[in-house]
Amino acid sequence: MEKYSCETHINEALDMFVAETGEFPILNKINEKNELPTKCSYCEEEATYIVSRK
Ligand SMILES: [Zn+2]
């Protein structure tokens with residue numbers, strides 16, 4: 001699974017990931033030049049980070 005998050009909601013995204021998967025997530029910054037804009041999972045802002053499994 002993957003979650004997208006803006007700067008504001010990264011802590012929520014990490015907490016939710018751990019709660020849902022029981023695994024510690026990998027946090028990567030989205031490269032705006034290479035990836036399509038994606039909305040934050042928690043608000044309407046454009047996501048800055050992607051949280052995913054190893
Ligand atoms: Zn957000």
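Which residue in S3 does serine 5 stand opposite? Serine 5 stands opposite tyrosine 49. The model shown is predicted: local features need pLDDT of at least 70, side-chain atom pairs count only at pLDDT 80 or more, and totals for chains, interfaces and linings use all residues. Residue numbers start from 1 along each chain as its sequence is written.

**View 1. Three strands form an open sheet.** The order is S1-S3-S2, and the pairing is antiparallel. S1 (2–5) and S2 stand at the edges with a single partner strand each, so one side of each has no neighbour in the sheet. From one strand to the next the twist averages 25°. Strands (E, at least two residues) and helices (H or I, at least four residues) are DSSP runs, numbered from the N terminus. Two strands pair if DSSP finds at least two bridges between them.

**View 2. Four bridges join S1 to S3.** These two strands run antiparallel. Helix H1 (residues 10–21) packs on the sheet and touches S1, S2 and S3. The direction of H1 makes about 165° with that of S1. Axes are lines fitted to C-alpha atoms, for helices over the stretch in contact, and angles run from 0 to 180 degrees between N-to-C directions.

**View 3. Glutamate 45 lies in the loop between S2 (26–29) and S3 (49–52).** Glutamate 45 is partly exposed, because 14 other C-beta atoms lie within 10 Å (buried is 20 or more, exposed 12 or fewer, partly exposed in between, with C-beta atoms placed from the backbone). Not counting residues up to four places away in sequence, glutamate 45 touches Cys6, Thr8 and Cys40; contact means C-beta atoms, placed from the backbone, within 7 Å. Glutamate 45 and cysteine 6 are 39 residues apart in sequence, and 6.3 Å apart in space, C-alpha to C-alpha.

Definitions and conventions: Contact = placed C-beta atoms within 7 Å.
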